[in-house]
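Please look at the sequence and the model before reading on.

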Amino acid sequence: MTGLSGQSVSVIIGRLLEQGLVEETGAEPRPGVGRHPIGVKIRSGGALAFGCNLERDRIDGAWIDLSGTPVVNESVPFPQGEEPQRTIQRVEYLFARLSKAVSPPDDAGKLPAIGLGLPGPIDPVSQALVNPPNFPHWEGVDPRMLFSESWTTPIFCENSATAAALGEAWQSRTEFSNFLYCHWGVGIGGGLVIDLETYRGTSGNALELGHVPVVVDGAQCGCGARGCLEAEASVAAICRQASELGLGDDFDLLVALAPSEPRIAEILSRAGRLLAQALLGAVNLFDVDAVVIGGHHFQQVADWLLPPVEAVVPELAMRHNVRPVTVRHSMLGEAAGAVGAASVVFDKLLPTSPPFVPSPTRARASHHRDTLG
Ligand SMILES: [Zn+2]
């Protein structure tokens with residue numbers, strides 16, 4: 001495929017072996033005389049990336065390998081509403097601590113950059129956070145400016161939902177190359193992956209699934225509009241609706257009571273139907289192969305929210321007679337935010353195209369990206 005001679009390939013493979021980026025899989029028997037070829041595969045631990053995701057009350061950090069699996073990870077809680085400078089100090093400590101925790105020989109593969117997952121929106125030019133909900137002190141702040149003077153490692157900032165979509169793409173890249181990622185929680189965000197590249201829009205605000213209108217003249221949303229998905233069917237909306245019925249506003253308690261309290265079950269089912277409506281609209285717009293829904297809170301209520309989405313999206317999407325749409329949970333577990341943020345480093349420093357599909361378009365495009373070498 002490359003047009004290189006066998007000898008050149010051997011020299012290159014020898015260097016990659018030395019650097020620990022590939023490993024031998026043993027001799028592969030083949031009919032005829034001569035030496036059997038030795039199989040080689042990419043070694044997951046050959047390159048590691050670090051990512052940190054900022055939640056409203058904790059930082060999740062992880063070093064992940066090329067398969068998207070955390071090698072080490074840790075969550076650090078902090079008081080809500082803390083000064084951004086202090087929070088970034090915690091990021092620096094966490095990076096230092098987890099870097100020491102990576103043992104040889106994998107520590108040799110650590111990429112010199114960190115990914116930082118942040119609540120959106122992020123100004124694509126200044127990299128400053130624009131009015132992030134629930135992060136009162138972060139308005140207009142460029143987090144990169146808050147790192148200490150001695151900090152030299154490059155920092156790649158990314159909206160958490162887009163980062164999670166990248167993490168999903170990195171872990172399941174042989175499965176879907178076109179999919180929609182929906183983060184469901186107190187807020188609702190999204191990411192769109194097309195041909196294994198994320199689509200961010202010109203202002204970096206693409207896939208604000210939470211602000212897709214689903215109810216005409218519905219509940220007032222923080223964005224100024226009415227009837228947005230987030231105002232009608234998020235964790236916050238569910239708590240508000242339950243509270244209005246005198247059922248309390250503690251989400252964990254509501255989830256626990258849902259099996260025996262039909263009014264809570266109906267609130268959750270309605271949220272699922274509205275989520276299905278917004279996702280069906282997005283699938284019809286973007287013609288994606290899969291919808292992946294993630295988020296810690298989603299796991300808690302998936303029994304109510306997932307069935308309406310599974311019933312509606314694959315059945316009613318305009319493409320269903322051509323190719324079915326898959327709906328599923330995110331494959332990323334507890335460390336989803338950190339894995340997503342770390343995947344941003346891979347996305348910036350490594351070509352993400354499938355390496356064994358020769359395509360002139362992809363090859364040309366990759367010349368314009370930074371590569372590992
Ligand atoms: Zn809105």
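The text below goes from domains to helices.

The model is predicted: local features need pLDDT of at least 70, side-chain atom pairs count only at pLDDT 80 or more, and totals for chains, interfaces and linings use all residues. Residue numbers start from 1 along each chain as its sequence is written.

An automatic or database domain assignment sets the domain bounds, as tabulated here.

| Domain | Residues |
|---|---|
| domain 1 | 1–42 |
| domain 2 | 47–167 + 335–349 |
| domain 3 | 177–329 |

Between the C-alpha centres of domain 2 and domain 3 the distance is 26 Å. Their contact (C-beta atoms, placed from the backbone, within 7 Å) takes 14 residues from domain 2 and 15 residues from domain 3. On the domain 2 side, helix 3 gives the largest share, six residues.

Helix 3 covers residues 160–171; helices here are DSSP runs (H or I, at least four residues), numbered from the N terminus. Among the buried residues are Glu168, Trp170 and Gln171.

Helix 7 (residues 262–286) packs with helix 8 (residues 296–316) at about 35°, the axes being 8 Å apart. Axes are lines fitted to C-alpha atoms over the stretch in contact, and angles run from 0 to 180 degrees between N-to-C directions. Residues of helix 7 including Leu268, Leu275 and Leu279 meet a set in helix 8 that includes Trp304, Pro307 and Val312.

How values were computed:
Helices (H or I, at least four residues) and strands (E, at least two) are DSSP runs, numbered from the N terminus. Two residues are in contact if their C-beta atoms, placed from the backbone, lie within 7 Å. The expected span of a helix is 1.5 Å times one less than its number of residues. A residue is buried if 20 or more other C-beta atoms lie within 10 Å of its own, exposed if 12 or fewer, and partly exposed in between; C-beta atoms are placed from the backbone.
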